[in-house]
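Thanks, everyone. Let me put the model on the screen and walk through it.

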Amino acid sequence: MSATVAMILALAVGTYAFRLVGPVLHGRVQLSDRVQELLSAGAVVLLTALLATGALTENGGFAGWARPLGVLVGGVLAWRKAPFVVVVLGAAGTAAVLRAFGMA
């Protein structure tokens, strides 16, 4: 067995174990309200960091203004509870128009 196959199998087992832990421990482990609040805040912070790095960087540098402004338009549309298709098309359309005008 090659090292690549072994790593893939190890990651698969680890992923399955993480998915299994939730239902198995449900009801057996009680978390305090403070810990639940911290976990919720941590999830928001991680998603925000992922959004920021995806929207602002490309190949280790700044991605240009079209992408962040497209993400901003999509975020505003989502916040205003627009349908998902409208959010996606608004974000993509904004980025496409800005790129067409040379604002990469």
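**A charged pair, then the fold**

Start with glutamate 58: its relative accessibility is 39%, so it counts as partly exposed. On that scale, buried is under 20% relative accessible area, exposed is over 50%, and partly exposed is in between, using a 1.4 Å probe and protein chains only.

Before going on, some ground rules. This is a predicted model: local features need pLDDT of at least 70, side-chain atom pairs count only at pLDDT 80 or more, and totals for chains, interfaces and linings use all residues. Numbering starts from 1 along each chain as its sequence is written, and side-chain values use heavy atoms, with hydrogens and water left out.

Back to the pair. What does glutamate 58 meet in a salt bridge? Its partner is arginine 67, at 2.4 Å, N to O. By definition, a salt bridge puts a side-chain nitrogen of Lys or Arg within 4 Å of a carboxyl oxygen of Asp or Glu. Arginine 67 is partly exposed too, with a relative accessible area of 24%. The structure holds one salt bridge. In general, side chains of opposite charge can pair when their charged atoms come close.

Now the layout. The protein has four helices and two strands. From the N terminus, the order is α-α-β-β-α-α. These are DSSP runs numbered from the N terminus: helices are H or I with at least four residues, strands are E with at least two.

Overall dimensions next. Along the principal axes, the C-alpha atoms fill a box of roughly 55 × 45 × 25 Å. Of the 104 residues, 12% count as buried.

So where is some of that burial? Look at helix H3, residues 66–79. Ala66, Pro68, Gly70 and Gly74 are buried there. Their cover includes helix H2 (33–56), strand E2 (61–62) and helix H4 (84–100). H3 has 14 residues and reaches 20 Å from first C-alpha to last, close to the 20 Å expected at 1.5 Å a residue. The expected span is 1.5 Å times one less than the number of residues.

Two loops deserve a look. Which residue between strand E1 (57–58) and E2 is in the loop? Asparagine 59 is. Its phi is positive, about 55 degrees, although it is not a glycine. At 79% relative accessibility, asparagine 59 counts as exposed. Lysine 81 sits in the loop between H3 and H4. It also is not a glycine, and its phi is positive at about 65 degrees. Lysine 81 is exposed, with a relative accessible area of 73%.

Last, the surface. The protein exposes about 8400 Å², and carbon and sulfur atoms supply 73% of it. Areas come from the Shrake-Rupley method with a 1.4 Å probe; for residues, only the protein chains shown count as cover.

One nonpolar patch covers about 770 Å², with Tyr16, Leu20 and Val35 among its residues. Patch residues have over 30% relative accessible area and no salt bridge; like charges are joined within 9 Å, nonpolar side chains (Val, Leu, Ile, Met, Phe, Trp, Tyr) within 5 Å. Helix H1 (3–25) and H2 each supply at least two residues. H1 gives the largest share, five. Tyrosine 16 lies in H1, and at 54% relative accessibility it counts as exposed.

How values were computed
Contact = heavy atoms within 4.5 Å.
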